[in-house]
Amino acid sequence: MAILENISPILPFMVCLFWTIHAGISYKELNKAQRYLGLFLSVSMLLFLYHAVYYTTSFVASDHKVLTVLYSWSTLSTYPLYYLYIKAITDYHNPDKYEIALLFTPGLIAMASSILTLKFGFAQQFTDTFISIVRPIQTVSVCVISLIKLTAFDRSVYDSYSEVEGKTAKPIIILVVLQFTAALCTVVLTILGPRFFSGKTILAVPSVLFASVIYAIAYVGFRYRFGAYQMETELKEDILSDDKQKEDSTLFNIIQEKMQ
């Protein structure tokens with residue numbers, strides 16, 4: 001039991017660290033979606049590093065100022081990055097500046113609030129309240145939108161290809177359902193607050209859950225190499241190939257007619 005209590009706080013961090021290293025080593029071979037996945041994992045690593053330090057030490061925010069600021073930013077930046085990962089799979093268009101601003105402004109607000117709190121002694125309550133309101137909205141909305149996007153994309157794959165092996169997004173859809181489960185847990189954890197789990201064996205439950213879900217997301221995500229950009233490219237190539245065949249056939253018929 002003591003071993004479980006010692007390992008569980010750092011387990012999600014170690015999983016994120018492992019896959020972040022993998023993403024860094026394999027960066028040149030990754031497509032755009034997988035690079036977003038790598039960013040998601042690296043920012044999640046910072047988030048879970050804070051959790052690991054918080055639950056394994058006598059944590060005082062003023063003694064870990066940089067880590068506290070990074071936590072305030074990363075806790076509201078992980079799901080926006082996960083959204084960009086899903087968007088890169090399901091949409092070949094890049095996100096516009098307004099979409100980026102909407103996604104990442106909450107994290108910047110939380111980071112600025114945390115800096116002001118640590119530097120000038122402002123009340124921590126604003127930062128905590130802001131995060132506790134925004135984080136549940138982010139997590140649930142990103143998971144719901146991701147399911148909608150992936151389901152629509154998978155339907156288009158089945159409509160466009162007779163052979164969908166390696167192209168269907170069903171593995172990603174299953175993982176988003178798992179992620180949605182983790183998101184609901186995140187909402188509960190945000191409401192309860194980190195102090196609720198401090199020094200308790202029950203911490204192993206969310207730790208194992210998050211570590212398992214993140215590992216599955218990374219494992220499947222780095223193996224799944226198909227997406228909207230690849231589909232758009234292949235379908236255009238098929239259309240051009242069909243047009244070329246029609247032109248060749250027409251030219252052949254014209255030549256035959258003139259030879260007769």
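How do the residues lining the largest cavity divide into nonpolar, polar and charged? There are four nonpolar, one polar and three charged residues in that lining. In this sorting, Ala, Val, Leu, Ile, Met, Phe, Trp, Tyr, Cys and Pro count as nonpolar, Asp, Glu, Lys and Arg as charged, and the others, Gly among them, as polar.

Before going on, a word on the model and its numbering. This is a predicted model, where local features need pLDDT of at least 70 and side-chain atom pairs count only at pLDDT 80 or more, while totals for chains, interfaces and linings use all residues. Residues are numbered from 1 along each chain as its sequence is written, and side-chain values use heavy atoms, with hydrogens and water left out.

**The overall picture**

The protein chain has 10 helices and zero strands, so reading along the sequence gives α-α-α-α-α-α-α-α-α-α. Helices here are DSSP runs (H or I, at least four residues) and strands are too (E, at least two), numbered from the N terminus. Of its 260 residues, 43% count as buried; buried means under 20% relative accessible area, exposed over 50%, and partly exposed in between (1.4 Å probe, protein chains only). The chain exposes about 14,500 Å², and carbon and sulfur atoms supply 66% of that. These areas come from the Shrake-Rupley method with a 1.4 Å probe. As for contacts with a separation of 6 or more, 78% of them are between residues 24 or more positions apart, with contact meaning heavy atoms within 4.5 Å.

**The cores**

A nonpolar core is a set of buried Ala, Val, Leu, Ile, Met, Phe, Trp, Tyr and Cys residues joined through side-chain atoms within 4.5 Å. The largest one has 50 residues, and Y85 and F153 have the most contacts inside it. Helices α2 (11-25), α3, α5, α6, α7, α8 (170-192), α9 (204-223) and α10 (228-259) each put in at least two residues, with the largest share, nine, coming from α5. Another core lies apart from it, with eight residues, among them L47, Y50, V53 and Y55.

What does F153 touch, leaving aside its neighbours within four places in sequence? Its partners are I89, T90, K167, A169, Y224, F226, G227, A228 and M231.

Y50 also comes up with H64: their C-alpha atoms are 9.2 Å apart, although 14 residues separate them along the chain. H64 itself sits in the loop between α3 (32-56) and α4 (65-74). It counts as partly exposed because its relative accessible area is 25%.

**The cavity and a pocket**

Both are found on a 1 Å grid over the protein atoms alone: a cavity is a set of points where a 1.4 Å probe fits but cannot get out, and a pocket is an open set with protein on both sides within 12 Å along at least five of seven lines; lining residues have an atom within 4 Å of a point. The whole structure has one cavity of 30 Å³ or more.

| Space | Volume | Top contributor to lining |
|---|---|---|
| Largest cavity | about 30 Å³ | α5, three residues |
| Second largest pocket | about 210 Å³ | α7, five residues |

The cavity is lined by K32, Y36, L84, K87, A88, D91, H93 and P95.

Around the second largest pocket are P80, Y83, E99, L102, L103, P106, I137, Q138, S141, V142 and I145. Two or more of them come from each of α5 (78-90), α6 (97-120) and α7 (124-160). By class, that lining has eight nonpolar, two polar and one charged residues.

Terms used: Points joined across faces, edges and corners; volume = space filled by probe spheres on them.
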